[in-house]
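The following note comments on the model shown below.

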Amino acid sequence: MSNRLFVKGNEAVCMGAIAAGCRHYFGYPITPQNEIPEFMSRELPGAGGVFLQAESEVAAINMVLGASAAGARVMTSSSGPGISLKAEGISFMAGSELPAVIVNMMRGGPGLGGIDASQADYFQAVKGCGHGGYRLIVLAPYSVQELYDLAMTAFDLADRYLLPVMILGDAMIGQMKESLIPRSYDPPTDLPEKSWAVTGKQGRAQGNTVKSLYLADGALEAHNWKLHGRYQQIQQQQVRCETLGLEDAELLITAFGSAARIAKTAVEMARQSGLKVGMIRPITLFPFPEKIYRQATERCRRILCVELNNGQMVEDVRLSVDRQAEVRFYGRPGGTGSMPTPEELFKQLQKHYKD
Amino acid sequence: MAESVTTVFERPRSLKPVVSHFCAGCHHGTIHRLVADALDQLGLQDQTIGIASVGCSVLLYEYFDIDVVEAPHGRAPAVATGVKRVHPHSTVFTYQGDGDLAAIGTAEIIHAANRGEQITVIFVNNTTYGMTGGQMAPTTLPQQVTTTTPFGRQIETDGNPIRMAELLALLDGTSYSARVSVDGPKRVAQAARAVQKAFEIQKNRGGFAFVEVLAACPTNWGLSVIEANERVSQEMMSYFPLGTYKDLTVSATGA
Ligand SMILES: Cc1ncc(C[n+]2csc(CCOP(=O)(O)OP(=O)(O)O)c2C)c(N)n1
Ligand code: SF4
């Protein structure tokens with residue numbers, strides 16, 4: 001008997017989180033991710049956990065900050081406007097070295113924008129939406145199964161490197177129903193103890209302090225070098241990426257998340273018509289798979305970057321190939337009716353293959 | 001014959017033996033002591049988690065010998081909620097200034113109270129933003145000169161001082177709301193009782209407990225220590241009357 005389920009992406013990410021031991025969720029409603037708080041409100045109480053609908057995204061992220069400081073695996077979710085409001089809290093968590101999982105099911109913008117799929121929050125996620133210069137690990141799932149799997153990975157990464165991890169999906173992948181095989185969670189045995197968590201001193205000689213303020217001479221610089229070192233470690237150890245047909249490709253297409261799904265179909269169409277097209281799909285947007293791009297450009301000199309925005313990840317692709325390849329761009333900014341079809345991307349591949 | 005020696009006054013165990021950074025005549029130090037005394041007397045030090053806010057009291061963790069989380073400006077009640085929901089049997093308090101609690105953090109305090117969050121909130125009302133250099137606070141009195149009300153606070157354009165103890169008492173989730181001051185020995189003793197009660201309520205899982213403390217900021221008021229203390233007793237108290245605005249522990253017993 002197969003344990004295959006048919007669920008929405010928004011539900012899958014919750015199932016992965018709960019399987020990974022997340023028992024605390026704080027959030028505020030916003031389309032297109034409302035199934036996440038709704039699922040958590042149904043499932044967490046029975047699992048011995050806490051669901052709380054906060055008065056705002058600002059409050060929600062600070063509840064996450066508190067729960068994380070208290071040592072719990074904790075999650076919140078939102079979409080663009082709400083992530084903007086969470087930015088201050090995310091910066092405080094990065095500065096305070098606090099793990100958590102934050103889901104952004106992207107919608108179009110700027111402003112209220114729309115509620116359809118978009119990838120316009122790439123910069124916001126990858127370049128740090130808040131102040132002060134920090135990094136998040138950013139994971140970009142492209143299927144319901146991957147949403148489930150990466151939710152587990154996200155909690156492990158957050159606890160390992162002591163920072164918030166963002167799962168960057170969008171309206172399409174959050175709302176879409178697909179089959180899911182919920183594998184069981186296999187906890188890593190080498191995660192660091194949360195000896196820093198606030199619990200009440202409970203006989204400890206020293207009180208634990210969770211803070212991001214460093215006033216003493218040189219203290220903030222030392223703190224930032226420490227964080228920087230951790231980000232470098234992440235870049236060395238945690239790159240995740242899917243590649244296709246790199247061995248003989250004359251043209252590479254690169255895309256993440258929903259755009260990569262459409263691009264993959266276009267690559268199949270291109271291969272069937274005899275075009276040697278390959279693909280790079282970053283699964284981690286930070287750390288960005290720079291080396292994979294650089295190696296690929298040793299033989300393939302043209303990359304077409306496709307995004308559901310007007311060009312954001314393409315900047316990182318250009319930096320990665322360091323002028324060793326020509327990087328072109330095709331994008332649509334999201335909003336109702338702004339989703340490219342596989343045929344549309346196939347035409348783009350034909351065009352960029354030739355000239 | 002050995003003389004028997006009794007200690008009549010000592011540093012509370014919940015405070016570290018360090019010198020604070022507070023200005024001369026600042027009431028934050030006194031209020032810290034009242035909180036520490038309450039933790040000592042109720043035997044809570046080892047299970048307490050303090051939430052520091054952004055303001056002159058941000059260095060709470062340098063003074064209190066307890067676990068502390070530093071919250072972003074105004075968000076201490078939300079951070080406290082997160083902590084308390086993970087450790088429901090711990091004692092969680094926030095310590096917030098008037099800019100922090102009654103301006104930028106208004107939503108968080110109202111909703112934490114309204115949910116009946118099992119936390120204790122110590123609210124220090126000194127009618128100004130101390131840490132940033134004496135700007136207008138939501139509690140700044142009419143005509144009070146601050147660095148951003150150089151002609152005095154004008155009600156028509158700057159709005160009215162906000163009375164938080166009264167406001168929070170209106171919420172069903174609030175179990176206890178009181179306003180006290182520390183401008184003299186008798187009032188310090190009254191304040192100590194209110195602070196202690198606010199922690200007792202939490203210990204008994206009695207709901208949300210709030211204590212507003214009127215406080216002097218001689219530095220930003222441009223007054224001497226004595227003058228600043230007198231301003232609390234006179235000007236501040238006439239706008240912010242002391243009293244218990246809600247106490248469910250009393251009505252619950254029919255007293
Ligand atoms: C988001 C944000 N805005 C502004 C500030 C700057 N700031 C620091 S403390 C403070 C006001 C503190 O005043 P209050 O809460 O009354 O406490 P006091 O210093 O008087 O004890 C402000 C505005 C900040 N740290 N964060
Ligand atoms: S500036 Fe005011 S509130 Fe801050 S420490 Fe000095 S007297 Fe106290």
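1. Two strands are taken to pair if DSSP finds at least two bridges between them; helices (H or I, at least four residues) and strands (E, at least two) are DSSP runs, numbered from the N terminus. The model is predicted, so that local features need pLDDT of at least 70 and side-chain atom pairs count only at pLDDT 80 or more, while totals for chains, interfaces and linings use all residues. Residues are numbered from 1 along each chain as its sequence is written, chains are lettered from A and ligands numbered from 1 in the order in which they are written, and side-chain values use heavy atoms, with hydrogens and water left out.

2. An open sheet of eight strands, with mixed pairing, runs in the order 9(A)-2(B)-1(B)-3(B)-4(B)-8(B)-7(B)-9(B). Strand 9 (209–210) of chain A and strand 9 (243–247) of chain B are at the edges; each has a single partner strand, so one side of each is left without a neighbour in the sheet.

3. Within chain B, strand 1 (residues 48–52) and strand 3 (residues 91–97) are paired in the parallel sense over five bridges. Gly50(B) is found opposite Phe93(B) of strand 3 of chain B.

4. Ligand 1 lies between chains A and B. There are 17 residues around ligand 1, and those that come nearest are Cys56(B), Asp98(B), Gly99(B), Asp100(B) and Gly130(B); a residue counts as near if one of its heavy atoms lies within 4 Å. Helix 4 (98–104) and strand 5 (128–129) of chain B each contribute at least two residues to this shell, and helix 4 of chain B gives the largest share, four residues.

5. Polar contacts are pairs of N or O atoms within 3.5 Å. Oxygen atoms of ligand 1 lie 2.7 Å from a polar backbone atom of Gly130(B), 2.8 Å from a backbone N or O atom of Asp100(B) and 3.1 Å from an N or O atom in the side chain of Asn126(B). Taken alone, ligand 1 exposes 590 Å², of which the protein buries 76% (Shrake-Rupley method, 1.4 Å probe).

6. Ligand 2 has among its surrounding residues Cys23(B), Cys26(B), His28(B) and Cys217(B), together with Cys56(B), Asn126(B) and Gly130(B). Helix 9 (residues 218–221) of chain B supplies the largest share of the shell around ligand 2, three residues.

Notes. A polar contact is a pair of N or O atoms within 3.5 Å; within protein, one must be able to donate a hydrogen and the other to accept it, and residues adjacent in sequence count only if both atoms are side-chain atoms.
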